[in-house]
Amino acid sequence: ISLTKPRIVLMALVAVAAAFYLATQGRMDYLALFHALLGTSLATGGALALNQVAEEDIDFKMKRTRLRPLPDRRLHTTEALAFGVVLLVVGVFYLIFLVNPLAAFFTALSGVMYLIFYTPLKRISSWNSVVGAIPGAMPPVIGWAAAAGEISVGGWILFSILFIWQIPHALAIGILYRDDFKAAGVRLLPVDEPDGRKTGFHVINYCATLIPIALIPTLIGMAGLVYFFSSLILGLAYLGTGIYLAKKRSIPAARLLFYVSLVYLPLILVIMVLDHGGI
């Protein structure tokens, strides 16, 4: 179970469920939602397990990951590899046959980008955070496709929100575990540039960009005014902690940004769902 990183899977499923609800025209198909969540959880868990196989040597070098199943030798690499492949393949085919091919396609695309592009890039370039944000933002696209059989502007707006949200979140993690990442040879902006100036610049830019993007659901009628003002307040809070990090360039400031990011995403999705079609 720990190979599948359940907390990350759960966050992805929240985004899938929110997008499924927002894309639904008319009555909710709860059986289809169940199939979408199950298929996505299998495929996502499989991709995350395969990521741990690919990064076994990195995990062994870092204190925060040293006790994961593979570096701690609680599982053999071949066991984890087989487990990950089976989950990913079963999840994609489950979505093909019990949801629709489009949802399965975006799920498979997310897995490919995560494993083939993002995972090896972590050893090569600090741009991996941006590349990794693409598969990380795919869950709402999968949920939208599962409900509607197509991706309209609302699905891509949700994708954009998750994509932009991830960058400050990832940079905060990079600061918090800079020494660990450096020891393991992981390339991140806070590792390549420990001074923190560029990191702060990017954090502020992405947080500021997120504010207007996150307001669009109200402008296109996907959510109401309650969401609009809630999104604005949450976005300003995210930006405020980003500015604080840029000024202080400290571990406590990074930790604060990290916790605010964890609150921001599920809260904004829940409010959007509750205010869907609001005034």
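The structure is a predicted model, in which local features need pLDDT of at least 70 and side-chain atom pairs count only at pLDDT 80 or more, whereas totals for chains, interfaces and linings use all residues. Residues are numbered from 1 along each chain as its sequence is written, and side-chain values use heavy atoms, with hydrogens and water left out. Helices are DSSP runs (H or I, at least four residues), numbered from the N terminus.

Burial here is a matter of relative accessible area: under 20% is buried, over 50% exposed, and anything in between partly exposed (1.4 Å probe, protein chains only). For Leu 158, residues up to four places away in sequence being left out, the contacts (heavy atoms within 4.5 Å) are with Ala 19, Leu 22, Pro 140, Trp 144, Met 222, Leu 269 and Met 272.

Helix packing comes next. Axes are lines fitted to C-alpha atoms, for helices over the stretch in contact, and angles between N-to-C directions run from 0 to 180 degrees. The axes of helix α1 (residues 6–23) and helix α13 (residues 251–274) come within 10 Å and cross at roughly 20 degrees. The two helices are therefore roughly parallel, a label given to angles under 35 degrees, with over 145 counting as roughly antiparallel, 65 to 115 as roughly perpendicular and the rest as oblique. The crossing of α1 and α13 is left-handed, which is to say that the near helix is turned anticlockwise from the far one by less than a right angle (clockwise would be right-handed). On the α1 side, the contact involves Met 11, Val 14, Ala 15, Ala 18, Tyr 21 and Leu 22, which meet Leu 265, Pro 266, Leu 269, Met 272 and Val 273 of α13. By class, this contact comprises 11 nonpolar, no polar and no charged residues, where Ala, Val, Leu, Ile, Met, Phe, Trp, Tyr, Cys and Pro count as nonpolar, Asp, Glu, Lys and Arg as charged, and the others, Gly among them, as polar.

Helix α5 (residues 101–121) and helix α6 (residues 128–136) have axes 8 Å apart and pack at an angle of about 165 degrees, so α5 is roughly antiparallel to α6. The crossing of α5 and α6 is also left-handed. From α5, the contact draws on Ser 110, Met 113, Tyr 114, Phe 117, Tyr 118 and Leu 121, and from α6 on Asn 128, Val 131, Gly 132, Ile 134 and Pro 135. The class count for α5 with α6 is 8 nonpolar, 3 polar and no charged residues.

Helix α7 (residues 139–148) is mostly covered, with 8 of its 10 residues buried. The buried residues are Pro 139, Pro 140, Val 141, Ile 142, Gly 143, Trp 144, Ala 145 and Ala 146, and their cover includes α1, α2 (30–54), α5, α6 and α8. Phe 20, in helix α1, is buried at a relative accessible area of 1%. Beyond four places in sequence, Phe 20 touches Gly 143, Trp 144, Ala 146 and Ala 147, and also Met 28, Asp 29, Ala 32 and Leu 33. Phe 20 and Ala 146 are 126 residues apart in sequence, yet their C-alpha atoms are 6.7 Å apart in space.

The backbone also deserves a look. Most residues other than glycine have a negative phi. Lys 5, in the segment before α1, has a positive phi near 50 degrees and is buried, with a relative accessible area of 15%. Arg 249 likewise has a positive phi near 50 degrees; this residue lies in the loop between α12 (225–248) and α13 and is partly exposed, at 34%. Just after α7, Gly 149 takes a positive phi of about 75 degrees.
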